[in-house]
Amino acid sequence: MANSAQARKRARQALVARAHNASQRSRLRTAIKAVRKAVEAGDKAAAQQVFQQSVSIIDSLADKDIVHKNAAARNKSRLSAAIKAMGAAA
């Protein structure tokens, strides 16, 4: 347990930051799922539109160090590849 006033305050702040970061990671996962769902639906135009919105969210969270920049790049790459594969299959 924190023994100084400063340590108690940092503990309170850490709880708030943790809750905020968790909600942002949830937003990221939801964005990724939205693209995957659009890909499975088979509408390439819709998938590309959802992908563009998701890229914005992914980049934003990478800039804030909520996710590592390489993890963000990996997610974008895989989603983009999934959309490109739709065109080849269709």
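1. A crossing of two helices is called left-handed if the near helix is turned anticlockwise from the far one by less than a right angle, and right-handed if clockwise. In this predicted model, α1 passes α2 in a left-handed crossing.

2. The two helices concerned are α1, residues 5-41, and α2, residues 44-63. Their axes come within 9 Å and cross at roughly 160 degrees. Angles over 145 degrees count as roughly antiparallel, and α1 is therefore roughly antiparallel to α2.

3. On the α1 side, the contact is made by Gln24, Arg27, Leu28, Ala31, Ile32, Ala34, Val35, Ala38 and Val39. On the α2 side, Ala47, Val50, Phe51, Ser54, Ile57, Ile58 and Leu61 take part. Sorted by class, the contact of α1 with α2 has 13 nonpolar, 2 polar and 1 charged residues.

4. Ser54 deserves a separate remark. This residue is found in helix α2. Ser54 counts as buried because its relative accessibility is 2%, and buried means under 20%. Leaving aside residues up to four places away in sequence, Ser54 touches Ala31 and Val35.

5. For the chain as a whole, there are 3 helices and 0 strands, and the pattern along the sequence reads α-α-α. Of the contacts with a separation of 6 or more, 68% are between residues 24 or more positions apart.

6. On overall dimensions, the C-alpha trace spans about 65 × 20 × 15 Å along its principal axes. The radius of gyration is 18 Å, whereas a compact globule of 90 residues would have one near 12 Å. Buried residues make up 26% of the 90 residues in the chain.

Notes:
Residues are numbered from 1 along each chain as its sequence is written. This is a predicted model: local features need pLDDT of at least 70, side-chain atom pairs count only at pLDDT 80 or more; totals for chains, interfaces and linings use all residues. Side-chain values use heavy atoms; hydrogens and water are left out. Axes are lines fitted to C-alpha atoms, for helices over the stretch in contact, and angles run from 0 to 180 degrees between N-to-C directions. Helices (H or I, at least four residues) and strands (E, at least two) are DSSP runs, numbered from the N terminus. Angles under 35 degrees count as roughly parallel, over 145 as roughly antiparallel, 65 to 115 as roughly perpendicular and the rest as oblique. Contact means heavy atoms within 4.5 Å. Ala, Val, Leu, Ile, Met, Phe, Trp, Tyr, Cys and Pro count as nonpolar, Asp, Glu, Lys and Arg as charged, and the others, Gly among them, as polar. Buried means under 20% relative accessible area, exposed over 50%, partly exposed in between (1.4 Å probe, protein chains only). The radius of gyration is taken over C-alpha atoms; the globule rule is 2.2 Å times the number of residues to the power 0.38.
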